Amino acid sequence: MAVPPTMVNYGMAAIGPPRGQVNSLPKHVQSDLEIQQLCDKYQQQLAELNACHSLLTVDQERLASMLAPYVNQHGALVMEAPDPDVLLFKQGLDLRLLQFEEDC
């Protein structure tokens, strides 16, 4: 008579066995573990990308508010000399946008 799997056995299959014992599992369980690990990694990366996107959006809004005093009624920038703080902020934001695009 076969012994039904216990919750401990189920838990071990769900979280994965200790290293070195993966190859002793049946192929379908190994595949399930690999799929679960990939899903977990994907969820983590997605959360990180969403957080970065939110920060970039906030910083783009901040840049727009920094530039607002220098925009005329036609939407063109009008400033005699660029504000060094605004330029530095924009350069940093541009670099972060490039990095974000590369990470995506």
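Biologist: Which residues make up the largest nonpolar core?
Modeller: In this predicted model, a nonpolar core is a set of buried Ala, Val, Leu, Ile, Met, Phe, Trp, Tyr and Cys residues joined through side-chain atoms within 4.5 Å. Buried means under 20% relative accessible area, exposed over 50%, and partly exposed in between (1.4 Å probe, protein chains only). The largest core has 7 residues: Leu56, Leu63, Leu67, Val86, Phe89, Leu93 and Phe100.

Biologist: Which helix supplies the largest share of this core?
Modeller: Two elements give two or more residues to it, H2 and helix H3 (84-103). Helices (H or I, at least four residues) and strands (E, at least two) are DSSP runs, numbered from the N terminus. The largest share, 4 residues, comes from H3.

Biologist: What pLDDT do local features need?
Modeller: Residues are numbered from 1 along each chain as its sequence is written, and side-chain values use heavy atoms, without hydrogens and water. Side-chain atom pairs count only at pLDDT 80 or more, totals for chains, interfaces and linings use all residues, and local features need pLDDT of at least 70.

Biologist: What pattern does the chain follow?
Modeller: The chain has 3 helices and 0 strands. Read along the sequence, that gives α-α-α.

Biologist: How far does H2 reach from its first C-alpha to its last?
Modeller: H2 has 41 residues.

Biologist: Is Gln30 buried or exposed?
Modeller: Gln30 lies in H2 (residues 27-67). Its relative accessibility is 12%. Therefore Gln30 counts as buried.

Biologist: Which residue's backbone oxygen lies 2.7 Å from a polar atom of the Gln30 side chain?
Modeller: Gln30 is among the buried residues of H2, which also include Val29 and Leu33. At 2.7 Å from its side chain sits the backbone oxygen of Leu25.

Biologist: Which residues does Leu67 contact, leaving aside neighbours within four places in sequence?
Modeller: Contact means heavy atoms within 4.5 Å. Leu67 is one of the buried residues of H2. Its partners are Leu77, Met79 and Val86.

Biologist: How many disulfides does a search of the whole structure find?
Modeller: A disulfide is a pair of cysteine sulfur atoms within 2.5 Å. Cys39 is partly exposed at 39%, and Cys52 is partly exposed at 38%. The number of disulfides found is 0.

Biologist: What share of the chain's residues is buried?
Modeller: The chain has 104 residues. Buried residues make up 12%.

Key:
A polar contact is a pair of N or O atoms within 3.5 Å; within protein, one must be able to donate a hydrogen and the other to accept it, and residues adjacent in sequence count only if both atoms are side-chain atoms. The expected span of a helix is 1.5 Å times one less than its number of residues.
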